[in-house]
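User: I have a model open and would like to learn how to read its features. Could you walk me through them, beginning with a single residue?

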Amino acid sequence: MDFRSLSTQVVLSFVALVLLTVTAVGVPAIWLMREQMSRQAWNQVDHGSRATQALYAARRSEIIDLAMLTAQRPTLRELVTLEKGEALSAYLHTLRTSARLDLMIVCTPGEQQIAQAGGPIGVDPCRDERPGALQVMLAGSPPQVWLLAAQPIEGEGSDLGEVIVGMAIDDAFAIEFSRQTGLEHTLLTDGQPVATSFAGGVTRLDSDRRLSRSSPYMNATRGTCTIDGHPYYFNRLSWEGTALEAEVALDVADIVATQRRLVGILIGSIVVVAAAGSILGVILAGRIGRPLGRLAAAATRMSQGDLDSPVLVEAEVREVALVAQALDSARRDLQRTLSHLRQEKSWTDHLLQAIVEGIVILDQSDRITFFSHGAERITGWRRDEVLNRPCDEVFRSVERDEPFSQLIPAPGRKHNIIVELGGGRQATLAVTGARLTPPEGGNAEVALVFRDISEEEAIHRVLGHFLANIAHEFRTPLSALAASTELLLDGASEFGPAELEQLLSSLHLGVLNLQTLVDNLLESASIEAGRFRVYPRPSDLGEIIAEAMGTMQPLLDKRGQRLTVELPAAIPVVRADPRRVAQVLVNLLSNASKYGPDHAEIAIGATIDDSWVRVTVADRGPGIPREYRKTLFRRFVPPSPSADGAQYGTGLGLSVVKAIVEAHGGQVGVDHRRKGGSIFWFTLPMADQP
């Protein structure tokens, strides 16, 4: 035998420690544990016995007191004196129910029963067996045990008979006592059970009881028995003043099972202690402990990332030397592998960070196993919020009833899917899919690459709407111009001055509308390109309003609309670009005329608020619903989204108004006008402000 072998030394130490542990600890501990648990069980039985005796004494006093109280009731004496049998029986029934008794009987002094409530009882206690203050009576067939108490009914100087109250000693009685004490309860007379709380009743108790020490039917007052396969500790006691005996029993099946379980735990603990002792003996061996400690230190350095320090361990134990060599070889291999993996991970991380598209990898159960930084930026979800969650919970389809996993395109295909993302935001994702098959041929995964094309889709929709509107806006004045021009060409010499003036006015209005539209298009393009500029200078607000009115007057005259102006007495001087501000007023007046009814009034007003002038244009049009006011001044949004039949414009005019006013440092907005219509307003700085 090679005593330098690690296995030999461990085996010898283990055998010695196990023998010592079992002999010195195991046997005494098991014996003490069983005795302690048995003593605790008997203490519980004794405690239950004392509680049962107290309950029996209380029940004995209760039934005697009930008999006495019943006999002393004036109504009872009156009914007995008048010999009203039916009324007396009804009265006894009421008393029995309220007192929770099973029997009430009234007897005459001549031993005749005149009324009874409850029962039936197999004997006549008035004649056959007259109870005393308290008596147990066995009556009926099959036998039934009654606990009876009798009290005389005393009238005015005469004996009216006696009242007998009774309580049936049955299984329900025993179950009630068992519920109050926590122990099984059995009542006996002459050594035979008459009521029990055990399932199945007295009959099954007689047939299933198998005694292991002392039989309760042989006057044993304490012992153990087996009932229905369960072990019990029992104790018998007498009911003072009656012929009844009571037996309380504790089910110790759980205690026995606990004893067995603890024995098993103890044995297992002994085995663990023996194994720990064996390992400790090996470590304490000087020839093994020192090299193992150095090996442990080397392994710790490796786990902390130090793969440069070699594992140099000199050991007299052959196995330890072999472990040291293997550990150093593993260190070198791990160092090379880790360096290679770090390079690949760094390259992969840089690549994924540079990709703006979102990348998601799904396993076979459609759960997310990878979530790139691009996916976090697009969806608004953090990586730790979505990993290992089903993709159908993260990406919820909006327009279609199928879950997201059913909408994933085949490899090499692309689908546009509208989904709901974090925070309830909806987005259109362009999704492409690819199948990832590992080299070892395991379960394939699905890689999804997607990008948010919501803005592109919105631009396409808005651009289509804009082109349709701009075509309509150009077609209408061009058609009017063409018609007027044809009329002039065909019959200019035949028209009178009024007709010529009407045609020329129509031509002028068409040109004016085209000029306004072109101006708005140019301004919008200038704003988009970042070349938009204003050149503010001190300007008379009245002159700016007059210029805008002169431009718009032909259009207003054509529709019979009236333009009123209300300015402060001292017309303010504003710091503004007159041409740009006049363009603002022309756009607002054009919308007010277009969406307002014919022959309506359009009002221009101005008020001074500290260092600002607030200019308003009020119309009687359909008004702007509150939910559309926030987006009203964006490009391509029409002035009125209400379905009133009005023809919408390009949605450029109000965006130009907003850009011009904000370039002056002012604000622009719209309010509701009482009795219908809208009030568009903007602010300009006073000329004396920097």
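Analyst: Happy to! Let's start with Thr 181, which is found in helix 4 (residues 171–181). Helices (H or I, at least four residues) and strands (E, at least two) are DSSP runs, numbered from the N terminus. This is a predicted model, where local features need pLDDT of at least 70 and side-chain atom pairs count only at pLDDT 80 or more, while totals for chains, interfaces and linings use all residues. Residues are numbered from 1 along each chain as its sequence is written, and side-chain values use heavy atoms, with hydrogens and water left out.

User: Is Thr 181 buried or exposed?

Analyst: Buried means under 20% relative accessible area, exposed over 50%, and partly exposed in between (1.4 Å probe, protein chains only). Thr 181 has 18% relative accessibility, so it counts as buried.

User: What does Thr 181 touch?

Analyst: Contact means heavy atoms within 4.5 Å. Leaving out residues up to four places away in sequence, Thr 181 touches Gly 48, Ala 51, Thr 52 and Leu 55. The side chain of Thr 181 also reaches the backbone nitrogen of Leu 183 at 3.4 Å. That is a polar contact: a pair of N or O atoms within 3.5 Å, where within protein one must be able to donate a hydrogen and the other to accept it, and residues adjacent in sequence count only if both atoms are side-chain atoms.

User: How does Thr 564 read on that scale of accessibility?

Analyst: Thr 564 is found in strand 19 and, at 30% relative accessibility, counts as partly exposed. Setting aside neighbours within four places in sequence, Thr 564 is in contact with Glu 601, Ile 602, Ala 603 and Ile 604. The C-alpha atoms of Thr 564 and Glu 601 are separated by 7.3 Å, although these residues are 37 residues apart along the chain.

User: What is the strand order in the open sheet of five strands?

Analyst: Two strands pair if DSSP finds at least two bridges between them. Here the order is 19-21-22-24-23, with mixed pairing. Strand 19 (562–566) and strand 23 (668–672) stand at the edges with a single partner strand each, so one side of each has no neighbour in the sheet. Strand 23 and strand 24 (residues 678–685) pair in the antiparallel sense over five bridges, and Val 670 stands opposite Phe 680 in strand 24.

User: Which strands does helix 15 lie across?

Analyst: For angles, axes are lines fitted to C-alpha atoms, for helices over the stretch in contact, and the values run from 0 to 180 degrees between N-to-C directions. Helix 15 (residues 578–595) lies across strand 19, strand 21 (601–609), strand 22 (612–618) and strand 24, running at about 175° to strand 24.

User: Which residues have the most contacts inside the largest nonpolar core?

Analyst: A nonpolar core is a set of buried Ala, Val, Leu, Ile, Met, Phe, Trp, Tyr and Cys residues joined through side-chain atoms within 4.5 Å. The largest has 40 residues, and those with the most contacts inside it are Leu 585, Leu 588, Leu 589, Phe 680 and Phe 682. Helix 15 gives the largest share of this core, eight residues. Beyond residues up to four places away in sequence, Leu 588 touches Val 617, Leu 654, Val 657, Phe 680 and Phe 682. Apart from this core lies another, of 37 residues, among them Ile 64, Tyr 91, Met 104 and Ala 246.

User: And how many helices and strands are there in the chain?

Analyst: There are 16 helices and 24 strands, and buried residues make up 40% of the 690 residues in the chain.
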